[in-house]
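Okay, thanks for coming, everyone. Let's have a look at the model on the screen together.

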Amino acid sequence: MRVDIRDREALSSLSPLSLRTYLKSRQWVDEGDWGNRATLFSKEHKGRRWEILSPFQDTFADFAEAIAEAIAVLATVENRSQLDVFHDLEGTGADVIHMRSPNGMAEKPLSLRQNAEMLDAAYGMLASAARAAEKPSAAYRGRASSNVADYLDNVQPLPGYHEGYDLTLHSPVPAGFGMQTDFGDAYAAPFSRRATKQLSKALHHASKAIAETVSGDRLDPFSQVVKEGVSANLCDSVAALAENGRGIEIALFWAGVRPSNVPDSNYKFTETSAGILSEAAEFLRRNDPSFDEHLVAQVVRLEKEPDNFDGKAVLLTIRDERLFRIQVEFKQPAYDMVIQAFRNQKFVSLDGDILPTGNGYELRNPRNLIFVENDG
């Protein structure tokens with residue numbers, strides 16, 4: 001389908017550096033400055049010389065018109081739609097994450113539910129990578145930081161994902177000049193680049209951990225790569241993508257406006273991998289201590305009758321969207337409140353440190369215990 005791009009707001013959203021980077025990457029020749037407003041690029045194609053003016057600044061009144069003319073020329077020379085060229089120009093200003101099923105699912109129209117599941121899994125994968133860019137952890141619970149939330153707000157899915165199990169995400173990054181020495185910046189990488197870098201690193205180590213788990217018949221390799229950004233959340237998300245897509249390929253391409261000396265990357269996860277990743281997610285959560293966690297729970301058991309209560313009880317709470325029983329030992333003066341919560345089936349709110357113990361969990365250092373209303 002041929003579509004002309006006429007939306008001034010969309011055209012103005014492209015940066016001058018994006019067009020310049022795109023032209024250079026496709027062997028257009030820099031002919032020098034055209035006055036003080038633009039650089040003239042040229043290319044010989046099918047016996048004809050084509051020219052494009054690349055504006056210096058997006059503050060020029062005719063910037064949108066110049067971009068529209070450039071897109072029209074590129075679409076003609078490349079024999080593609082203007083919409084495809086526009087999206088590729090957007091991509092030069094962003095790290096690109098492309099997910100695609102290699103097993104025919106990319107060609108089959110998706111239902112509303114399938115689309116929602118694909119987007120949810122992709123969101124979870126990027127969110128876990130962004131949180132690992134701040135601090136690696138075996139499992140993430142609760143709200144993400146404002147840095148992570150802002151990053152996810154800026155990531156954009158390209159149109160067309162409803163057509164099949166095929167999704168492209170653009171993660172915008174600030175422009176950088178010259179080769180970036182630390183995969184982001186000579187000083188401190190912008191958070192959006194750190195998040196995408198962390199995603200690539202985590203996928204690489206998750207893939208290695210799968211192979212080591214198969215060869216050693218143990219899930220321990222996943223514990224060893226938590227420091228590399230592999231988490232239960234990442235494993236769950238990639239497992240969902242691989243299972244629902246009957247396999248998934250995840251490719252990452254670095255923004256042209258922020259050149260890197262690290263090559264683009266591509267990772268493949270099969271349906272078999274999905275099963276291993278799901279087991280790994282459970283393994284990481286089960287063995288992950290969680291400090292200063294907030295719980296809303298019911299007291300479902302006292303280890304001794306109320307008259308002889310010694311503080312030991314069992315709580316029922318929801319963690320990671322599942323019911324959990326957690327052992328706890330309270331200290332005076334909380335005894336009366338715990339007994340009352342047990343007898344009257346009241347919900348309580350409290351904080352504490354959750355540690356795995358054998359096949360269960362233990363809440364240590366319980367504190368800030370209060371009653372909460374049962375709102376259903």
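Predicted model: local features only at pLDDT ≥ 70, side-chain atom pairs only at ≥ 80, totals over all residues.

Residues are numbered from 1 along each chain as its sequence is written, and side-chain values use heavy atoms, with hydrogens and water left out.

So, helices. Two packed helices are described by the angle between their axes and the distance between the axes. Start with helix H5, residues 112-134, and helix H6, residues 146-154: their axes come within 10 Å and cross at roughly 140°. Helices here are DSSP runs of H or I with at least four residues, strands are E runs of at least two, and both are numbered from the N terminus. The axes are lines fitted to C-alpha atoms, for helices over the stretch in contact, and angles run from 0 to 180 degrees between N-to-C directions. H5 and H6 are therefore oblique to each other; under 35 degrees would be roughly parallel, over 145 roughly antiparallel, 65 to 115 roughly perpendicular, and the rest is oblique.

Who touches whom? On the H5 side, the contact residues include Tyr-123, Leu-126 and Ala-127, and on the H6 side they include Val-148 and Tyr-151. Contact means heavy atoms within 4.5 Å.

Now stay on H6 and turn to helix H7, residues 191-216: these two pack at about 85°, with their axes 10 Å apart. That makes H6 roughly perpendicular to H7. Asn-147, Val-148 and Tyr-151 of H6 meet Phe-191, Ser-192, Ala-195 and Thr-196 of H7.

On to the pockets. A pocket is an open set of points on a 1 Å grid over the protein atoms alone, where a 1.4 Å probe fits, with protein on both sides within 12 Å along at least five of seven lines; lining residues have an atom within 4 Å of a point. The largest pocket has a volume of about 700 Å³, volume being the space filled by probe spheres set on the points. It has 24 lining residues, and Gly-124, Asn-233, Ser-237, Arg-285 and Glu-321 lie nearest its centre. H5 shows up again here, giving the most to that lining with eight residues.

The second largest pocket holds about 400 Å³. Of its 17 lining residues, those nearest the centre are Ser-137, Ala-139, Arg-141, Ser-290 and Phe-291. Strand S9, residues 290-302, gives the most there, with five residues.
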